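Please read the notes below with the coordinates open.

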Amino acid sequence: MIKPSLTALAAVLALSTPAMAEKLTPKRVFADPSLSGPTAKGVALSPDGKRVTYLKGKPEAANVQDLWAADVKGGEPYRLIDSAALSSGAKELSEAEKARRERARVSARGIVEYSWDKQGRFILVPLDGDLYLDSVADGKVTRLTETPGDEVDAKVSPKGGYVSYVRDQNLYIKPVSGGAETALTTEGKDTLSFGVAEFVVQEELDRFTGYWWSPDESRIVYTRVDESTVDVVPRADIGPGGATVVNQRYPRAGRPNAVVELFVRDLASGQIRKLDLGANKDIYLARVDWSADGKTVYAQRLSRDQKTIDLIAFDAATGAAKTLVTDTDAHWVEARDDFYPLKDGTFLWSSEKDGNNHLYRYAADGKQIAQITKGDWPMAGLEGVDEDRKVAIFIASIDTPLERRLYEVSYAKPGKPKALTSAGGWWSAKVAGSGGAFAGTYEDPKTPPQTALYDNTGKRVRWIEENKLAQGHPYWPYASTLPVPEYGSLKAADGETLYYEILKPQNFDASKKYPALLAVYGGPHAQQVKRTWQSVSERTYLEAGYVVFRIDNRGSGSRSAKFMRALDRNLGTVEVEDQLLGAKFLAGLPYVDADKLGVMGWSYGGFMTLMLLTADNTPFKAGAAGAPPTEWGLYDTAYTERYMGKPDENKAGYAYSDLNTRIGKLAPGSLLLLHGMADDNVIFENSTRLMSALQAKAIPFEMALYPGERHSAPRSKTKGLSVLTKHLEFFNRKLKGQ
């Protein structure tokens, strides 16, 4: 149970902090090296347990990543593959790969993903649409493909015999030892694809693959996705060089989804067998897994209304199906990555049926054996299983929703979970396939993300990326005025506890009055208030003399099912009430100027910004709304229907949250509207309809549009600086009169 020493850090700061910190500018926030320091991403433990691999940005270009490694026994980490040595990075990615990266919120270039084979002999590296294989034994890197199309979702088969990938809507395999590729499917074109996850499942259900190898690599299960029924939504992709029209298949709320089918192919015989998901084709294929012995395929079938999820077991040889477990909820059920098939034929799976997300063990026939975790707290995720010790390893916020730790608990004799990491901040972890060792990343408001290798007791074995905030760290020139939030809580109208955080301006003087900004997201499951390393870009608001405030409303994460379902069928209601409660508290602070309150948010936060600006007696004088959904009927099926139902089933809810019906309450000149002009998630139409309605009523507003940017413009290095400086300029005029 080792955590970075805050005592030691305090001593270092006391002895050697610069006498006066430098002023942090927006330009420096988006320059290299990253102010958060060198961070390890995509951490993985080799199957033989001898090394840790991870992705790390170049010092001179933090957005371009290389593959690094560190030997478990010690020694300095070393670069395994230099992305620049394999690719210039100039290749234009296909629309399919751009969309896939957008769904996964990947904005980096260079090496953005990689995978080990389960024997630990090879590392597969996709790079700019082609594939490279690193041989661990001799370090030789071999180029596997060089084609006009992009090879996406590439994997090494479990025993290392093949690489597999999707190209141009078909699934391929290629022997690692050499030889020609084999197309497992050939019919993929137009609206038909194989081995992929459709748009809405990637965006809203976090399934990013459409094929799965059996453990002995004798079979492969894959999807057949037919989007012919999905509406075409013409999307103008407006970039700096002009505009093109993308006829995107986008399933809007209440409209048809793609039809997904599941097949299993025997590689030796070539036999293909359909795995029947049922007569009702209007479902979501949420997850697919193989049993440990490779004889059974498990599929999680989620109903269109998302109130029922079935775990179906298919005999891989015959296709015979049996529904093992059905989980239902009057509001919605969650699709999670907590399913784990054990070698003895039993399996672990999570459910919120007792009011919190907890882990359960089931017999092979689906009969519940035991509840593994319990208590008035939710399990955030099953991170791994050590079958030798019969323990499940999971992440949870047991002590407080503001912190997250790694725990283990016996699934054979369930009892009180044992903490493997210490309290005080926020942990994430990647657990080894066996043995229980893990790569853990810790952060708190005074500690940038630090990654180390730990044994199964939580003892640190070695640093992977210490990222110590000391002399030489990119943030060191600003460390003497490191902003640390003040945390507190308020009570919602129904008595639920709402947590908030406050960041005060640099050189804070309690006798003065400061303008304040509410930074809001507010959407279901999202959590903003937590003890983590704070956004360095947000510090520029503190430098400019603003108080920054956040509050997690009902519906946010790390809380009970009841807390998260408070906004069911009523988006734009209780979460707005809770944010207004926070604003009232903020305005009442003795050092806040109640006449100078602003609000800002992106995506759902943009929707919330507009709802708050148009609330009765709004306390906000100005708001910046980025990429806002302005009418939920324009957004996708899986997200919108989970929380709102279909438009014809909840007409009142959809009408209430339609921002065009509220804009008459908007104070002239109080809105800054921002949107990426190639957004394929919250389609640009959401903003253009709002612009048109505002113009029809002659209500003045400001806007900032970003050519070529998709939904994640604030994270883009090319446009992030523009977004930040526009926010500062707008609020300085509206709240400070500058």
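The points below start with the basis of the values and then go through the sheet, the salt bridges and the helix.

1. Basis. This is a predicted model, in which local features need pLDDT of at least 70 and side-chain atom pairs count only at pLDDT 80 or more, while totals for chains, interfaces and linings use all residues. Residues are numbered from 1 along each chain as its sequence is written, and side-chain values use heavy atoms, with hydrogens and water left out.

2. An open sheet is built from 4 strands in the order 33-34-35-36, with antiparallel pairing. Strand 33 (426-431) and strand 36 (460-465) are the edge strands, each pairing on one side only. Averaged over the sheet, neighbouring strands are turned by 25° against each other, direction ignored. Terms: strands (E, at least two residues) and helices (H or I, at least four residues) are DSSP runs numbered from the N terminus; two strands pair if DSSP finds at least two bridges between them. Axes are lines fitted to C-alpha atoms, for helices over the stretch in contact, and angles between N-to-C directions run from 0 to 180 degrees.

3. Strand 34 (residues 438-444) pairs with strand 35 (residues 447-454) in the antiparallel sense, over 6 bridges. Gly 440 has Ala 452, in strand 35, as its bridge partner.

4. Salt bridge count. With a salt bridge taken as a side-chain nitrogen of Lys or Arg within 4 Å of a carboxyl oxygen of Asp or Glu, the count comes to 54. Accessibility classes used below are buried (under 20% relative accessible area), exposed (over 50%) and partly exposed (in between), with a 1.4 Å probe and protein chains only.

5. Arg 143 and Glu 146. Their side chains form a salt bridge at 3.9 Å, N to O. Arg 143 is partly exposed at 36% relative accessible area, and Glu 146 is exposed at 63%.

6. Glu 577 and Arg 554. The side chains meet in a salt bridge at 3.5 Å, N to O. Glu 577 lies in helix 8 (residues 574-587) and Arg 554 in the loop between strand 40 (547-551) and helix 7 (561-564), so the pair ties together parts 23 residues apart in sequence. Arg 554 is buried at 5% relative accessibility, whereas Glu 577 is partly exposed at 42%.

7. Glu 702 and Arg 733. What is the N to O distance in the salt bridge between these two side chains? The value is 2.6 Å. Since Glu 702 belongs to strand 44 (residues 702-706) and Arg 733 to helix 13 (residues 717-736), the pair ties together parts that are 31 residues apart in sequence. Glu 702 is buried at 19%; Arg 733 is partly exposed at 29%. A network of salt bridges links Glu 702, Lys 726, Glu 729, Arg 733 and Lys 734.

8. Helix 12, span. Helix 12 (residues 685-696) has 12 residues and reaches 16 Å from first to last C-alpha, close to the 16 Å expected at 1.5 Å a residue. The expected span is 1.5 Å times one less than the number of residues.

9. Helix 12, faces. Its buried residues are Asn 686, Ser 687, Leu 690, Met 691, Ala 693 and Leu 694. They cover an arc of only 165° around the axis, which puts them on the same side of helix 12; the arc is that of the directions from the helix axis to the C-beta atoms. The face turned away from the buried side of helix 12 carries the exposed residues Gln 695 and Ala 696.

10. Helix 12, surroundings. The buried residues of helix 12 pack against helix 9 (604-613), strand 43 (671-676) and strand 44, where contact means heavy atoms within 4.5 Å. Ala 698, which follows helix 12, has a positive phi near 55°.
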